[in-house]
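Please consult the sequence and structure as each point is raised.

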Amino acid sequence: MNKILRSIAILVVACCIIPVKGQDVAPMLHAIICCNTTDANIGEAMVRDRTNISNMIQTIATSLDCAYEEFTLVGADCTRDRLTQTIKSLEVGRDDVVFFF
């Protein structure tokens, strides 16, 4: 795993392990992964990065016993409008974590 992905993993873990008092529902980890897989210069790398990030975040959520929800925007869906629509559709609790890539 490269240094950027390792740093992201550490950040997500740090956000998820903060103790919460009086919490009735397990925190949810919401991941929004937006990858321009159709770009001639970076598309192939984005396919690999999407898979790596998704696997890493799922592993972290499982390790921390967090519920997990993933939204993946790839190819033609990787647009500003679709990203904005996805963010607006989130139902985020006060103790949830939202991860963007």
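Q: How many bridges join strand 1 to strand 3 (residues 97-100)?
A: This model is predicted. Strand 1 and strand 3 run parallel. The number of bridges joining strand 1 to strand 3 is four.

Q: Which residue of strand 3 is the bridge partner of alanine 31?
A: Strand 3 covers residues 97-100 and is joined to strand 1 by bridges. Within strand 3, the partner of alanine 31 is phenylalanine 99.

Q: In which sense do strand 1 and strand 2 pair, parallel or antiparallel?
A: Strand 1 and strand 2 are linked over eight bridges. The sense of the pairing is parallel.

Q: What is the handedness of the β-α-β unit made by strand 1, helix 2 and strand 2?
A: The two strands of the unit pair with each other over eight bridges. Helix 2 spans residues 43-63 and strand 2 spans residues 67-74. The unit that strand 1, helix 2 and strand 2 make is right-handed.

Q: How many of the eight residues of strand 1 are buried?
A: Strand 1 comprises residues 28-35 and is mostly covered. A residue is buried when its relative accessible area is under 20%. In strand 1, the number of buried residues is seven.

Q: How far apart are the end C-alpha atoms of helix 2?
A: Helix 2 has 21 residues, and at 1.5 Å a residue it should span 30 Å. The model agrees with this expectation, because the separation of the end C-alpha atoms is 30 Å.

Q: Is aspartate 65 buried or exposed?
A: Aspartate 65 lies in the loop between helix 2 and strand 2. Its phi is positive, near 60°. Most residues other than glycine have a negative phi. The relative accessibility of aspartate 65 is 63%, and the cut-off for this class is over 50%, so aspartate 65 counts as exposed.

Q: How many disulfides does the count come to?
A: Cysteine 78, which counts as partly exposed at 24% relative accessibility, has its closest cysteine sulfur in cysteine 34, too far for a bond. By the 2.5 Å rule, the number of disulfides is zero.

Definitions and conventions
Residues numbered from 1 in each chain as written. Predicted model: local features only at pLDDT ≥ 70, side-chain atom pairs only at ≥ 80, totals over all residues. Heavy atoms only, no water. Buried < 20%, exposed > 50% of the residue type's maximum accessible area, 1.4 Å probe, protein only. Expected span 1.5 Å × (residues − 1). Pairing = 2+ DSSP bridges. Right-handed = clockwise from strand over helix to strand, strands pointing away.
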